[in-house]
Amino acid sequence: MKLMEFPLTEEPPVMTAEHYERTHAVIESKAWAVVGALVLVVGLYWVSLYSYLLFHFLIEMFSVAVALCIFFIAWNSSSYTKNGYLTFVGIAYLFVGFFDLLHTLAYKGSGIFPGESANLPTQLWISARYIESLSLLGAMFFFDRRPNPTIQIIGYTAASGALLV
């Protein structure tokens with residue numbers, strides 16, 4: 001049984017020099033991005049072999065920077081969007097980043113907080129994950145309405161104070 005053949009109604013486009021150059025530039029930029037990512041991963045691996053404390057600090061600072069970027073993007077775009085989800089999540093990630101920063105500073109061996117116990121950094125990390133998970137769960141109520149940022153910041157500040165005491 002022969003399949004139906006459909007004739008082409010128009011000629012396929014011919015690749016011009018300009019199109020070729022743009023395609024080549026995109027592929028080249030992606031290749032450099034992959035090479036950069038590999039260099040970063042190998043570099044972090046070497047750092048982890050040299051000093052796990054330094055490796056942990058670098059990774060945690062990256063997560064704090066991501067949390068702050070989420071907050072800044074959400075805060076600055078809140079006047080342009082009617083969706084309150086992003087605003088709610090952004091304010092929540094400000095506090096998640098704060099707890100991650102405290103966790104990093106309290107990590108055993110850093111010498112910032114007195115006492116060389118793994119208990120405090122573990123509790124701070126778990127607190128950050130609780131805030132993050134409960135915030136993502138609660139954010140679903142703000143798809144069609146906007147949160148009051150002042151009340152949310154006061155609420156997160158009170159909850160953070162309660163968790164730190």
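Asp-100 is buried, at 4% relative accessibility. Buried means under 20% relative accessible area, exposed means over 50%, and partly exposed lies in between (1.4 Å probe, protein chains only).

This is a predicted model: local features need pLDDT of at least 70, side-chain atom pairs count only at pLDDT 80 or more, and totals for chains, interfaces and linings use all residues. Residues are numbered from 1 along each chain as its sequence is written, and side-chain values use heavy atoms, with hydrogens and water left out.

## Salt bridges

Side chains of opposite charge can pair when their charged atoms come close. A salt bridge here is a side-chain nitrogen of Lys or Arg within 4 Å of a carboxyl oxygen of Asp or Glu. The count by this rule is two.

Asp-100 and Arg-129 form a salt bridge, at 3.2 Å from N to O. This pair links distant parts of the chain, 29 residues apart: Asp-100 lies in helix H3 (residues 84–105) and Arg-129 in helix H4 (residues 119–138). Helices (H or I, at least four residues) are DSSP runs, numbered from the N terminus.

Arg-129 also forms a salt bridge with Glu-132, where the closest N and O atoms are 2.9 Å apart. Arg-129 and Glu-132 are three residues apart in helix H4, so about one helical turn separates them. Shared partners join Asp-100, Arg-129 and Glu-132 into one network. Arg-129 itself is partly exposed, with a relative accessible area of 22%.

## H3 against H5

Two packed helices are described by the angle between their axes and the distance between the axes. H3 and helix H5 (residues 149–164) pack at about 25 degrees, with axes 10 Å apart. Axes are lines fitted to C-alpha atoms, for helices over the stretch in contact, and angles run from 0 to 180 degrees between N-to-C directions. H3 and H5 are therefore roughly parallel, a term for angles under 35 degrees. The crossing of H3 and H5 is right-handed, meaning the near helix is turned clockwise from the far one by less than a right angle.

Contact means heavy atoms within 4.5 Å. On the H3 side, the residues in contact include Phe-88, Phe-95 and Phe-99; on the H5 side, Ile-153, Tyr-156 and Leu-163 are among them. By class, this contact has twelve nonpolar, four polar and no charged residues. Ala, Val, Leu, Ile, Met, Phe, Trp, Tyr, Cys and Pro count as nonpolar, Asp, Glu, Lys and Arg as charged, and the others, Gly among them, as polar.

## Ser-133

Ser-133 sits in helix H4. Ser-133 is partly exposed, at 39% relative accessibility. Asp-144 is eleven residues from Ser-133 along the chain, and their C-alpha atoms are 20 Å apart.

How values were computed
Helices (H or I, at least four residues) and strands (E, at least two) are DSSP runs, numbered from the N terminus. Angles under 35 degrees count as roughly parallel, over 145 as roughly antiparallel, 65 to 115 as roughly perpendicular and the rest as oblique.
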